[in-house]
Amino acid sequence: MRLTAVVINFNTAAYTWSCVASLREEPEITRILVLDNGSAENDLAELTRFIADEPRAEMVRLESNLGFAEGSNAGIRAALASRDCDGVLFLNSDAQLVPGSVAPMLDLFSAGPNIGLVGGRMIKPSGAIDSLGIAFYASCLASNRMTTGDRFFGPTGGCAIYRRELLEALQAEHGHMFDSEFFCYAEDTDVAARALLLGYRPAYFDGVVARHEGQVSSGGGFSDFVLYHGIRNSVWVLIKCVPWPVLLLCSPLIVALHIAIAVRHSLRGKVRVVFRLYRDALRGMPAMLRKRRTIQSRKAIRGRAFLRYMTPRFYDADYLSGAIRQLFSHGSLSR
């Protein structure tokens, strides 16, 4: 299986070059595409110098920052323009691929029928778990999967391999691969959900595949930017992708979670961000409902099959414990 690697750069030239350097030794990767997403001129110049020293790498310049979703689409289109590309490997610009990790990930495509997307274990520079892929919980909100006890819903876009057939099917059946309206965050969950609905299955390799710095291009930490796009886009995922029987079954948990999100982040002083993200989620709902009609009319599985890939817990345990501590801490401070 011949892979094209896609790396998206946004003002992270030094990290991107380290990322590209980690890709060039993998024999299964026959081409490396670096998408510059409208970076500043000095970063672009630095990246251009780096790429000139790597004969296997090509650079595609986007005039403005189109976000991870549409930047990914540009990379996919460039990759699939060559018939020598059997699949696309995505790696975050602030991640480095672990030597020898591509071959065992590729082996999983032949481990069962209809495997369309594969991920693995990503770790932080400290060695702690960064992500084991995506977990999609009973509240219909996704998070980084931090334990193999949670079900594997799909790979995170930070390190993922997508089969060519899947990417072409997403475009043909749904009219898009990654959803450009998402800009960034949860776009990989959207792809994983729509792949499931088309009958493609995810597979997970429980070996370390990448070391990931984390959120270098978005400024790091749980910023207003991350909160806004992460939650707004998660609402859009459930509107687009979750089958009606699953939505009805999980509706009490969905409502409870979003009330908890609004309360928690309002207590953090983020009332304006919370208001804006839910306002914009509602404004985008007509477009998402139009997409839903197409997606659900062409699904190959029923709600019960979709449920098998969802983790039956309410949500990530660490998030919930942190929210409870914050709530009680706020209450004690206000007395």
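Two strands count as paired if DSSP finds at least two bridges between them. Keep that in mind for this predicted model.

**Exercise 1.** Work out which strands pair with β2, and how they run.

*Solution.* Start with β2 itself, residues 29-37. Look at β1 (residues 3-9): seven bridges join β1 to β2, and the two run parallel.

**Exercise 2.** Trace the chain into and out of β2 and find the handedness of each crossover.

**Exercise 3.** Decide whether β2 is mostly covered or mostly open.

*Solution.* Buried means under 20% relative accessible area. Eight of the nine residues in β2 are buried, so the strand is mostly covered.

**Exercise 4.** Count the disulfides, then check cysteine 85 and cysteine 159.

*Solution.* A disulfide needs two cysteine sulfur atoms within 2.5 Å. By that rule, the count is zero. For cysteine 85, the nearest cysteine sulfur belongs to cysteine 159 and is 16 Å away, so cysteine 85 is in no disulfide. For cysteine 159, the nearest is the sulfur of cysteine 19, 9.1 Å away, so no disulfide there either. As for burial, cysteine 85 counts as buried because its relative accessibility is 1%, and cysteine 159 does because its value is 2%.

Conventions:
Residues are numbered from 1 along each chain as its sequence is written. This is a predicted model: local features need pLDDT of at least 70, side-chain atom pairs count only at pLDDT 80 or more; totals for chains, interfaces and linings use all residues. Side-chain values use heavy atoms; hydrogens and water are left out. Buried means under 20% relative accessible area, exposed over 50%, partly exposed in between (1.4 Å probe, protein chains only). Helices (H or I, at least four residues) and strands (E, at least two) are DSSP runs, numbered from the N terminus. A crossover is right-handed if, with the strands pointing away from the viewer, the path from the first strand over the helix to the second runs clockwise.
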